[in-house]
Amino acid sequence: MPARLRALVTVLCTAVLGALLPVAAAHAASRAVQGGRLDWGVRSSFQSYVTGPIAKGSYSLTGGAATVGASGFRFHSATGGYDGDTGAFRASFSGGVHFVGHRTDTGTYQLDLTLSRPTVSISGSTGTLYVDVTSKAKGTGTVTTSTQVPFASLSLGGIDMKGGGTAVVLDNLPATLTAQGAKSFAGYYPAGTALDPVSLEADVPAATATPEPSGTPRTSKSPEKKETSGGELADGAVDWGVRRTFREYVTGDMAKGRWTLSSGAEDGGALFRFPGGEGTYKDGALDASLKGAVRFAGAHGLDLKLSAVRAAVADGRGSLYVDVAGPDFTGKKVPLVTFTAKGLKAADGLAKVTEAPARLTAAGAKAFGGMYRAGTEMDPVSLAVALNDDAELPALPDLGSTPAPSATPKQTSTQPVAGTFDGSDGFPTLPVALSDGSLLLAAAAYAVVRGRRTRLAVEPATSEED
């Protein structure tokens, strides 16, 4: 190679590496986990037992948790940390699931178990799933609440957790019940029992990046503005999932459909947010109009659109009115559901109720074409209204930056296999005239850039049949 060309290549590669290596070093340093989701079914046979003919029970979701696929629960809003140099990872997720079964004559349940706030911690080649547990002991009925119980051990299958990507993605990690988990599981399964596999996705923004907020906070416009006890709303939102089993029917094997959002409505996984509240509030009484629409469509003539949501509260009782468009019923300002709203009181510029129990009205039953009877329990209603420009609405569940499919995840392999997910590299083509040594140097620079867009991943694995 001519001396001039060799010198040019050396300068070029030195400049490239000099610019990129500090970025790689900063990217691999310890960073915060901000946003993401964890999917886990606990144990599918336990779900079947709870809802089957013996226990005759049910489960309910709390804290914004959702269902996913045939038997999974989706927890949201990951927070924690990830160190790309060591591979150490820890992320906590919001939401919970409450199982009840074996109802007694007094109206209580012999089986009563709540699992919430799952946390995955990985160090080296070992991983652990922690959960908050409230359980009623089998036999004695003693209720115990424990925080962050090491519930299950996770098999990583030799995955190297080190890296400098923008997300950690782990699919279908085998999970095994620990001794502590068996004890807190009220004695239903012994230690060593195989649980449903765990999948997670957690965003890891660059250290210098400012994470986007997951809710709808507004910039303070009037710091000197005082809170008022009534009058025009500064903002507002209603969070409502319609009905969990209806969503599951829409995306399931029968309807094979989906839902779409429009006019500003937002998807929070287990709920839809209808934002942009306008109206009035005074002394617990509310009249607010919201933006957004949701349309459910699928086989067998399924086509139902709900829009123009209006929330009205008086004397501790609330109603949601919607415009309904469907094959069997069409109407304006239909009183779809009622909900309890005794707690709608102003504090720090915000009035809200969270997960208020809701029931379908007679008009709502017609809107659903007779699928549900009047009085049917629907998803709980959460609403919040800002009384001044300083108040911020509660954040939506943060499911992370990657798409969140509502259908059953594809399962293709039986063993975890390390892999990577890459985006467009955006790196220019390498010149073919470089010598071997220069080519390796430039390739190293290429690998640095490519590594910035790499995410840890595992091939999906098939769940065992119980």
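The pLDDT is the predictor's confidence in each residue, on a scale from 0 to 100. In this predicted model, the chain averages a pLDDT of 79, and 75% of the residues score at least 70. Over residues 214-228 the pLDDT is below 50, and this stretch has 34 contacts beyond near neighbours in sequence, a contact being heavy atoms within 4.5 Å. Residues 403-466 also have pLDDT under 50, with 115 contacts beyond four places in sequence. Where pLDDT is low, the predicted coordinates should not be read in detail.

Local features were required to have pLDDT of at least 70 and side-chain atom pairs pLDDT 80 or more, whereas totals for chains, interfaces and linings use all residues. Residues are numbered from 1 along each chain as its sequence is written, and side-chain values use heavy atoms, with hydrogens and water left out.

A nonpolar core is a set of buried Ala, Val, Leu, Ile, Met, Phe, Trp, Tyr and Cys residues joined through side-chain atoms within 4.5 Å; buried means under 20% relative accessible area, with a 1.4 Å probe and protein chains only. The largest such core has 48 residues, of which Trp40, Phe89 and Phe99 touch the most other members. Another core, of 46 residues, lies apart from it and includes Val309, Ala311, Leu336 and Ala356. Beyond four places in sequence, the contacts of Phe99 include Val42, Phe46, Tyr59, Phe73 and Leu113.

Phe99 also belongs to a cluster linked by ring pairs, together with Trp40, Phe46, Tyr49, Tyr59, Phe73, Phe151, Phe185, Tyr188 and Tyr189. Rings of Phe, Tyr and Trp (its six-membered ring) pair if their centres lie within 6.5 Å. The whole structure holds 19 aromatic pairs. A charge sits over a ring if NZ of Lys or CZ of Arg is within 6 Å of the ring centre and within 35 degrees of the ring normal. Arg90 lies over the face of Tyr130, at 5.2 Å from the ring centre, and Arg310 over that of Tyr321, at 4.8 Å.

Strands are DSSP runs (E, at least two residues) numbered from the N terminus, and two strands pair if DSSP finds at least two bridges between them. Strand β21 (residues 303-314) is joined to β19 (residues 285-289) by 4 bridges, in the antiparallel sense, with Asp287 opposite Ala312. β20 (residues 293-297) pairs antiparallel with β21 over 5 bridges; Val294 has Leu306 as its bridge partner. Antiparallel pairing of β21 with β22 (residues 317-325) involves 8 bridges, and Ala311 stands opposite Leu320. The β21-β22 hairpin has 2 residues between its strands, and Asp315 in the turn has a positive phi of about 55°.

Definitions and conventions. Buried means under 20% relative accessible area, exposed over 50%, partly exposed in between (1.4 Å probe, protein chains only). Rings of Phe, Tyr and Trp (its six-membered ring) pair if their centres lie within 6.5 Å; planes under 30 degrees apart count as stacked, over 60 as edge-to-face and the rest as tilted.
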